Amino acid sequence: MDNRLKQDALIEDALKSYPLAPMPRTITVNVMSRIQKNTRPALVTWSDFVLGFVIAACIAALWFAAQNLPPILLAKIRIQGILLYQDFLVNARWLVPAAMIGLAAVLSALTIPTLLRMTVDRRR
Amino acid sequence: MDSEQTLIQRAQKGNHDAFAALVEEHQRYVYNLALRVVKDENEALDLTQETFVRAWTALPNFRGQSQFRTWLYRIVTNLCYNRLPNLRRSLNDLGDDVMEDISEADSNIPAQEFESNETRKYLYQAIEELDTNYKLLITLRYQSELSYEEIASTLNLPLGTVKTGIFRAKEQLRKSLAHLEESWITV
């Protein structure tokens, strides 16, 4: 047998027969006692509820304020908004697309890692 | 006796006995992988425990797309990466020179081809002395019997890097063997 082939065979044999180290002691009891102490996290936690409540309260406050402002003030705000937008278009044309791209980047940064994690979990 | 799939489903629903059976079944392989990397019994036991605790927490997300043991290996290697920050870098630095399939020699050679059990013991010692990154790859390939693709997925490495790593590990073993053969000639 060619020496290199023989070496390959010896190495392959050693790799395949390399023994598993024996466990010094079983860990099942320890793992189970730790599991019984740490309950699984719920899918929706209390902080999710609190965050959801705060966001909902902010939206409700904005909506309530908009409904109760005097019509003249609403019209002034709308005019100022249009003027500001026109000002951007004339003096800083780059600002609106830049702001849009920035917003898209922020939303992507928030959602893409979660989506990737979900994809990896599904692949598993 | 319940199949592994049934045990996983029961454990996902919160059955502790089913999970204990899974721990009993897989702990030795997880422990061995950790031991080859951290080279310390107590630390390896600690990592094995942590792996199963994390597996319990994440079990509801396990969709069964890969084998349960492959999933466990992914958890334990991530824990090893945390414990040994240089390990990931050394694996990435392997590059991907070897892109073609590595031929695996037929190990069913006649018993008389072995000079003695000494050769095998010498090779075991050489495997033990391999760099940690090579030992991790070798353990996943030969003790855990994962395919190259499964190793790449478990370690989150390109397939070429896995092949290169295993090829180089074997080259190191070949050098050790040549060294042994030379010592026989000189004696």
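Trainee: How many of the residues of chain A count as buried, and what makes a residue buried?

Mentor: In this predicted model, 9% of the 124 residues of chain A count as buried; the word applies to a residue when 20 or more other C-beta atoms lie within 10 Å of its own.

Trainee: What is the secondary structure of chain A?

Mentor: Chain A has five helices and zero strands, and the pattern read along its sequence is therefore written α-α-α-α-α.

Trainee: Why are H2(B) and H7(B) called roughly antiparallel?

Mentor: The two helices pack at an angle of about 160°, with their axes 8 Å apart; angles over 145 degrees count as roughly antiparallel, and H2(B) and H7(B) therefore receive that description. Their crossing is right-handed.

Trainee: Which residues make the contact between these helices?

Mentor: H2(B) contributes Asn32(B), Leu33(B), Arg36(B) and Val37(B), while H7(B) contributes Thr132(B), Lys135(B), Leu136(B), Thr139(B) and Gln143(B). Sorted by class, this contact has three nonpolar, four polar and two charged residues.

Trainee: How many residues of chain B are in contact with chain A, and what makes two residues a contact?

Mentor: Two residues are in contact if their C-beta atoms lie within 7 Å, and 42 residues of chain B are in contact with 32 residues of chain A. On the side of chain B that touches chain A, H2(B) gives the most, with nine residues. By class, that side has 20 nonpolar, 12 polar and 10 charged residues.

Definitions and conventions:
Residues numbered from 1 in each chain as written. Chains lettered and ligands numbered in written order. Predicted model: local features only at pLDDT ≥ 70, side-chain atom pairs only at ≥ 80, totals over all residues. Helix = DSSP H or I, 4+ residues; strand = E, 2+ residues; numbered from the N terminus. Nonpolar A, V, L, I, M, F, W, Y, C, P; charged D, E, K, R; others polar. Axes fitted to C-alpha atoms, helices over the stretch in contact; angles between N-to-C directions. Parallel < 35°, antiparallel > 145°, perpendicular 65-115°, else oblique. Left-handed = near helix turned anticlockwise from the far one by under 90°. Buried ≥ 20, exposed ≤ 12 C-beta atoms within 10 Å, placed from the backbone.
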